Amino acid sequence: MTTTASGTTAPVADARALGLAHYAARGVLEHVLARHGATFQQQIALRAAVTADAPQTPEDLATQVQGSLKADPAGIRATLDELLAKQLLVADGAHLRPTDAGRELLAAIGAETAPLTARVWGGIPAEDLAATGRVLALVTERANAELAALTA
C-alpha cells in the first residue's frame with residue numbers, strides 16, 4: 001500500500017489487483033453477453049471478424065483470438081463453429097465473414113455495455129488512465145514474452 005497526496009491508502013498494482021479488475025469488468029460484460037446468448041470467447045472471435053481490415057480465414061481468426069485470450073486452439077475453432085451455427089459468421093470461400101446478425105449483435109452488446117463502461121471508467125483522471133495504459137502495455141508485453149519462452 002502507498003499513501004496518496006490526499007492521505008488515503010492506495011493499493012500497489014500487482015498481478016492480483018490486475019486479475020481482480022479484469023474479472024470484475026469481465027463479469028459485467030459476461031452478464032450482458034448472457035442476455036444475448038453469447039459467450040466471452042464468441043464475442044472476442046466475432047469482434048475480430050468484424051474489425052478485420054480484410055476477410056479472414058478460420059486459421060487467421062483462430063490465431064488472432066489465441067493471441068488475445070491465450071486459449072486452446074481447438075476450443076477457438078469450436079467457437080468459430082458455434083458462430084457459424086448461429087449464423088453470426090458465414091463461410092465465403094476460404095474466408096469467414098460476419099453476417100448482418102453478427103454485426104447487429106456486437107452493436108447491441110456495445111450499446112448495452114456503453115453506460116456500464118462509462119460508470120466504471122468515469123471520473124478517473126486522464127493522467128491516471130495514461131499511466132495505467134502504459135503499465136498495462138508493459139505488463140502485457142512482458143507476460144507475452146514469458147509465455148512465448150515457456151511454450152517454445
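Which residues of α2 are buried? Select helix α2, residues 40-51, and the buried ones are Phe40, Gln42, Gln43, Ala45, Leu46, Ala48 and Ala49, where buried means under 20% relative accessible area, exposed means over 50%, and partly exposed lies in between, with a 1.4 Å probe and protein chains only. Before going further, note that this is a predicted model, in which local features need pLDDT of at least 70 and side-chain atom pairs count only at pLDDT 80 or more, while totals for chains, interfaces and linings use all residues. Residues are numbered from 1 along each chain as its sequence is written, and side-chain values use heavy atoms, with hydrogens and water left out.

**Helix α2 and its cover**

Helices (H or I, at least four residues) and strands (E, at least two) are DSSP runs numbered from the N terminus. With α2 still selected, its 12 residues reach 16 Å from the first C-alpha to the last, close to the 16 Å expected at 1.5 Å a residue, the expected span being 1.5 Å times one less than the number of residues. Now show what covers the buried residues of α2, which includes α1 (15-35), α3 (58-69), α4 (73-85), β3 (89-92), β4 (95-98) and α5 (100-121).

Next pick Gln43, found in helix α2 and buried, with a relative accessible area of 7%. Leaving aside neighbours within four places in sequence, Gln43 is in contact (heavy atoms within 4.5 Å) with Leu29, Leu33 and Leu106.

**The nonpolar core**

Move on to Leu46, which, with neighbours within four places in sequence again left aside, is in contact with Leu83, Leu88, Leu89, Pro98, Gly102, Leu105 and Leu106. A nonpolar core is a set of buried Ala, Val, Leu, Ile, Met, Phe, Trp, Tyr and Cys residues joined through side-chain atoms within 4.5 Å. The largest such core has 22 residues, and those with the most contacts inside it are Leu46, Leu61, Leu80, Leu83 and Leu89. To this core α1, α2, α3, α4 and α5 each supply at least two residues, and α2 gives the most, with five.

**Three salt bridges**

The structure holds three salt bridges, each a side-chain nitrogen of Lys or Arg within 4 Å of a carboxyl oxygen of Asp or Glu. Select Arg26 and Glu30 for one of them, with the closest N and O atoms 2.7 Å apart; because the two residues are four apart in helix α1, about one helical turn separates them. Arg26 is partly exposed at 25% relative accessibility, and Glu30 is partly exposed at 33%.

Then select Arg35 and Glu112, whose closest N and O atoms are 2.1 Å apart. This pair links distant parts of the chain, with Arg35 in helix α1 and Glu112 in helix α5, 77 residues apart. Arg35 counts as exposed at 51% relative accessibility, whereas Glu112 is partly exposed at 24%.

Finally, Asp92 and Arg97 meet through their side chains in a salt bridge of 2.3 Å, N to O; Asp92 is partly exposed at 36% relative accessible area, and Arg97 is partly exposed at 35%.

**A nonpolar patch on the surface**

For the last stop, select Leu18, Val135, Leu136 and Val139, which form a nonpolar patch on the surface with about 290 Å² of accessible area together. Helix α6, residues 126-151, gives the most to this patch, with three residues. Val139 has its place in helix α6 and is partly exposed, with a relative accessible area of 38%. Patches are made of residues with over 30% relative accessible area and no salt bridge, like charges being joined within 9 Å and nonpolar side chains (Val, Leu, Ile, Met, Phe, Trp, Tyr) within 5 Å. Accessible areas come from the Shrake-Rupley method with a 1.4 Å probe, and for residues only the protein chains shown count as cover.
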